[in-house]
Amino acid sequence: FEFLEGAARGWDEGQTGVAHPKFTFAAVFADLSADEYLQVRDYMSNQKDLDISVNALTKPSGNFLFLIDLLLPRKSDALGYLDNNKPKPVREATAVVFYGTLGHIKEYVVGPLPNPTYHRDVTVERYKEELPINARTVTIGEYALIFKFINEEVFTKLGKIVKESFDVSKEKTLNSFEGMPRGVKSGERQTWISFFRDLSGMYIHPVGLEVLINHESTNASLWSVKRLLYNGQYFDSVEDLIKQYDAGTVTKIMYKPVQNYASLKPKSKPTGLSPQQFYPQGKRFSVKNNNVMYLEWSFAFGLSSLTGMRVFDIRFKGERIAYELSVQEAMSVYGSITPGMILTKFLDSSIGIGRFAHELVRGVDCPYAATYIDTFRYIDVSAPHRFRNSICLFEHNTGRPLRRHFSDFFSNSYGGMVNSALVFRTITAIGNYDYLWDFIFYQSGSVETKVHATGYISSSFNVDGNLKYGHQVAENTIGNIHTHFISFKVDLDVLGVENVFQTKDMKFMNVSLPWMPERYAMVPQLVEAQLKTEKEAALRYDTKTPRYLHIASNRTNRWGHQRSYRLQVVSFTGDSLPETEPEEKSMSWARYKVAITKHKDSEQTSSSLYSQNNMWTPAVDFSKYIEDDESIENQDLVAWVTTGFLHIPHAEDIPNTVTVGNGGGVILRPHNYFDEDPSIHSPDGVYISPGSEGNCENNKMACLAEDACSPVVEPFTYNGFEGTMKFEE
């Protein structure tokens with residue numbers, strides 16, 4: 001533990017280049033505490049003129065406090081505090097209220113925290129217009145009414161049909177899954193609901209019944225059934241289906257029990273244990289509040305209910321590499337012949353990506369010996385919820401060396417270094433899909449952010465024509481083709497906030513050989529450019545882009561090259577939605593592999609809470625960030641990175657999609673930032689020369705048996721079901 005004690009002393013006493021070495025300075029980025037959530041809730045509910053309910057089952061016709069979240073400070077204020085001893089930014093929250101009585105949505109700034117005394121309506125300031133009520137997320141209160149409506153207006157009236165076709169009774173029901181968006185134009189709130197067997201893993205048990213309900217009105221008594229699809233045939237009303245079913249003009253679905261092929265219960269009895277990881281000399285990282293230290297790295301962290309994982313003030317060797325690295329959006333576009341999927345385009349931040357970060361299972365979701373962190377959230381609830389162990393942190397041996405060389409010519413030696421990195425992780429289970437979000441900190445000075453998808457595919461009932469949109473993966477079940485696009489925000493500050501954007505690539509040139517001028521050879525040459533404006537630096541997926549992309553400082557390293565960090569995008573995306581589609585504005589960020597913009601506090605996110613339910617007139621249209629075409633030379637730059645993959649479901653996606661090959665990300669790599677690879681200074685390096693094979697001085701592995709302590713194993717606990725959604729009191 002000598003290293004940890006030394007690191008702690010260095011942090012407390014100050015290190016060269018670290019402006020404010022106390023853990024407390026990371027608090028400007030810390031998520032709201034349970035007490036702060038309660039203080040904001042109580043303050044808002046006590047404002048009688050706002051007439052707000054905090055009951056999670058508030059009906060759409062009421063005024064509901066839907067969300068409370070941290071309002072991040074202005075960047076200039078945060079940097080002034082972190083670097084220049086300026087006052088600490090005022091701590092504030094954003095409160096989102098759905099005003100069913102007035103037909104609009106309001107966003108308020110509430111502060112100061114703790115103990116708020118003011119609120120300010122910032123809706124028009126942020127979005128340049130009022131937000132219509134039908135742009136809101138479907139709340140728990142609305143879902144409760146939808147389920148009641150379906151039971152009374154569909155299942156009860158279709159009693160004979162749903163009994164014969166799906167074995168529905170008072171004791172046995174069907175589960176529902178919604179298509180989105182809810183309509184085809186602004187103002188609509190009409191949702192196709194597909195039905196599935198009431199089994200675990202219901203998402204791959206479609207039954208062949210889909211219903212379109214109109215719930216535009218905030219008054220549930222005015223809702224109606226618009227259309228139905230039964231076994232591939234459309235009907236104008238429940239009565240129309242009953243009439244044709246009884247007349248024998250419908251191809252009937254006859255119920256038969258099936259084995260639950262979606263079950264995740266192991267089909268083989270577990271025997272023995274898989275390899276486990278432990279720390280032979282204790283953990284080399286430390287966590288205090290929302291701040292992490294690991295070897296040469298330090299960063300602050302948070303978990304937004306809407307966008308999920310984010311880290312701030314990322315420093316290596318005391319120098320800030322990035323101000324912010326965060327998830328922004330997860331989007332999927334589906335193909336199908338059935339209505340529940342044919343128009344579906346999911347924008348997960350409109351539901352809440354971080355909202356669904358539940359407890360991580362020790363030894364499966366993260367290594368058993370990882371450090372686990374609780375989080376609190378307030379979204380679509382009556383009181384803040386605690387999510388135990390919803391973030392994990394661990395140092396990970398990747399199983400391959402970070403670098404190595406065995407010298408066999410002229411002299412003999414071996415030099416190498418284990419690739420041991422710090423992993424910061426959460427997992428969000430958003431409906432059928434589970435996304436693993438990793439931020440990885442390497443000893444070479446690189447940072448990687450990546451996502452992997454697992455969970456259940458979305459499926460539809462196998463009707464004529466549906467095989468154009470996917471493969472059959474189970475009886476009467478089509479796994480529908482879909483895309484996964486992920487938006488990341490990368491706010492690099494390379495030796496300050498005055499940076500430029502550069503590209504590098506190669507081209508073959510036909511050059512004369514210096515010693516034989518008459519002979520020519522095709523030789524690769526370096527091609528460099530500096531892009532000057534936002535439009536130049538909006539690098540689209542449908543065009544060839546340079547392979548090296550850099551955020552650079554005007555300062556140089558020892559060898560005269562501009563010090564920079566490279567953005568290396570790892571992506572297997574499908575095609576983005578054509579711009580001719582009216583919904584595309586809500587996901588315009590997906591056009592670009594990388595887009596570089598000048599930092600603005602008003603351009604905080606690439607998407608918004610309201611994009612899903614008002615795709616046609618989105619509150620945030622990312623393409624507008626680029627339209628003003630501002631200069632990006634010697635400016636504070638933000639890189640907006642899009643990654644992801646195309647998913648054509650197949651038999652091996654049953655019961656679950658595996659993480660192998662299903663993901664993407666971006667790696668931030670130093671490029672002439674240092675004078676040499678910084679990992680050469682790591683205590684993990686190994687060097688062996690002939691005759692020194694058993695010497696521990698430069699090879700700790702030679703004395704592993706002597707230095708290792710037996711692991712101390714924490715008891716297994718799990719509380720993950722505490723934070724699941726409840727649709728009744």
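**Gly-183 and beyond**

Modeller: Gly-183 counts as buried because its relative accessibility is 11%, where buried means under 20% relative accessible area, exposed over 50% and partly exposed in between, with a 1.4 Å probe and protein chains only. The model is a predicted one, in which local features need pLDDT of at least 70 and side-chain atom pairs count only at pLDDT 80 or more, while totals for chains, interfaces and linings use all residues. Residues are numbered from 1 along each chain as its sequence is written, and side-chain values use heavy atoms, with hydrogens and water left out.

Gly-183 sits in the loop that runs between strand S6 (174-178) and S7; strands are DSSP runs of E with at least two residues, helices runs of H or I with at least four, numbered from the N terminus. Leaving aside residues up to four places away in sequence, Gly-183 touches Glu-188, Gln-190 and Trp-616, contact meaning heavy atoms within 4.5 Å. Leu-637 lies 454 residues from Gly-183 in sequence, and their C-alpha atoms are 37 Å apart in space.

A search of the whole structure finds 6 cavities of 30 Å³ or more, a cavity being a set of points on a 1 Å grid over the protein atoms alone where a 1.4 Å probe fits but cannot get out. The second largest cavity has a volume of about 80 Å³, and of the 15 residues that line it, those closest to its centre are Ser-194, Phe-196, Glu-210, Ser-459 and Ser-460; lining residues have an atom within 4 Å of a point. Strand S7 (190-197), strand S8 (206-214), helix H8 (339-342) and strand S22 (459-461) each give two or more residues to this lining, with S8 giving the most, 5 residues. By type, the lining of the second largest cavity divides into 8 nonpolar, 6 polar and 1 charged.

In soluble globular proteins, nonpolar side chains tend to be buried together. Here the largest nonpolar core has 88 residues, and among those with the most contacts inside it are Phe-424 and Trp-437; such a core is a set of buried Ala, Val, Leu, Ile, Met, Phe, Trp, Tyr and Cys residues joined through side-chain atoms within 4.5 Å. Strand S20 (residues 433-441) gives the most to this core, with 7 residues. Apart from this core lies another, of 34 residues, including Phe-64, Ile-105, Ile-379 and Tyr-610.

Terms used: On a 1 Å grid over the protein atoms alone, a cavity is a set of points where a 1.4 Å probe fits but cannot get out, and a pocket is an open set with protein on both sides within 12 Å along at least five of seven lines; lining residues have an atom within 4 Å of a point. Grid points are joined across faces, edges and corners, and a volume is the space filled by probe spheres set on the points. Ala, Val, Leu, Ile, Met, Phe, Trp, Tyr, Cys and Pro count as nonpolar, Asp, Glu, Lys and Arg as charged, and the others, Gly among them, as polar.
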